[in-house]
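Please consult the sequence and structure shown here while reading.

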Amino acid sequence: MAAAAKSNTNWFAVGISIAVVVVLVALGALVVVLNNQASTPSTAPESSALVNEETGAISFGEGDTEVDVFVDFICPICSQFEDMHGETLQEAASNDEITLNIHPISILNRYSTTGEYSSLSAGAMYCVAEQAPDAALTFFNSLFENQPAENSAGLSVEELTALAEEAGAGAAAECIADGTYMDYSEAQADQHEIQGTPTLEIDGTRVEDAFTGPEITELMATLKG
């Protein structure tokens, strides 16, 4: 009897051990899946000649000098940067004096009461670049011309769609409504290690002062001739 009891107890212990192992394996698999989901960005716009799938840049012009500007559309300092340098950079890109790479990113969702305006507007920019590339720069400028105040709800999907239509990008309406590239814009901020906006790079080198640093000052002087 004692031997039988001992045998039963051992089988019970084995069964418990197996159950614990199964649970741990399942939890481990779940963690791996969740981590992969968290670290895998959504699909980049693929059908637009403007969008670089690897870097996320929406590019204008074909000049030798590469100017990368990372912006968040609710960032008031980004609007100031565009007021100060945007027209000159865009004109230089249209003349192929530079390649202007615009990176819509979302790091300031906390400054909209909806908690998503940065992602929504950046995603809308990608939608327009994909669906109506000829209207992309006009829409970009319109987002700053109609920039909502921080700590407001931001522009709604309907308002963003209306701006897209005014820019000639009505084809992007469904993409904007679906929020197709919201996650992608968030992933871009992580990929490029953006801590604040605007962030400026010239020929791959990050510029400490995007407004009046020596690099941007020299570039502006050259472009203005």
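## Model confidence

The protein averages a pLDDT of 87, and 81% of the residues score at least 70.

The model is predicted: local features need pLDDT of at least 70 and side-chain atom pairs count only at pLDDT 80 or more, while totals for chains, interfaces and linings use all residues. Residues are numbered from 1 along each chain as its sequence is written, and side-chain values use heavy atoms, with hydrogens and water left out.

## Helix α2

Helices (H or I, at least four residues) and strands (E, at least two) are DSSP runs, numbered from the N terminus. Helix α2 comprises 19 residues, 76–94, and spans 25 Å from its first C-alpha to its last, close to the expected 27 Å; the expected span is 1.5 Å times one less than the number of residues. A kink of about 60 degrees is centred on H85, where the bend is the angle between axes fitted to the seven residues ending at a residue and the seven starting there. After α2 comes D96, with a positive phi near 60 degrees.

H85 is itself buried, as are other α2 residues including C78, F81, E82 and L89. Buried means under 20% relative accessible area, exposed over 50% and partly exposed in between (1.4 Å probe, protein chains only). The cover over the buried residues of α2 includes β1 (58–60), β2 (65–71), β3 (98–104), α4 (136–145), β4 (199–202) and α8 (214–224).

Strands β1 and β3 pair in the antiparallel sense over three bridges; two strands pair if DSSP finds at least two bridges between them. I58 has I102 in β3 as its bridge partner. Strands β2 and β3 run parallel and are joined by seven bridges, with D68 opposite N101 in β3.

## Helix α3

Helix α3 has 15 residues, 117–131, and reaches 21 Å from its first C-alpha to its last, close to the 21 Å expected. Because 14 of its 15 residues are buried, α3 is largely enclosed by the rest of the structure.

Key: Contact = heavy atoms within 4.5 Å. pLDDT = per-residue confidence, 0-100.
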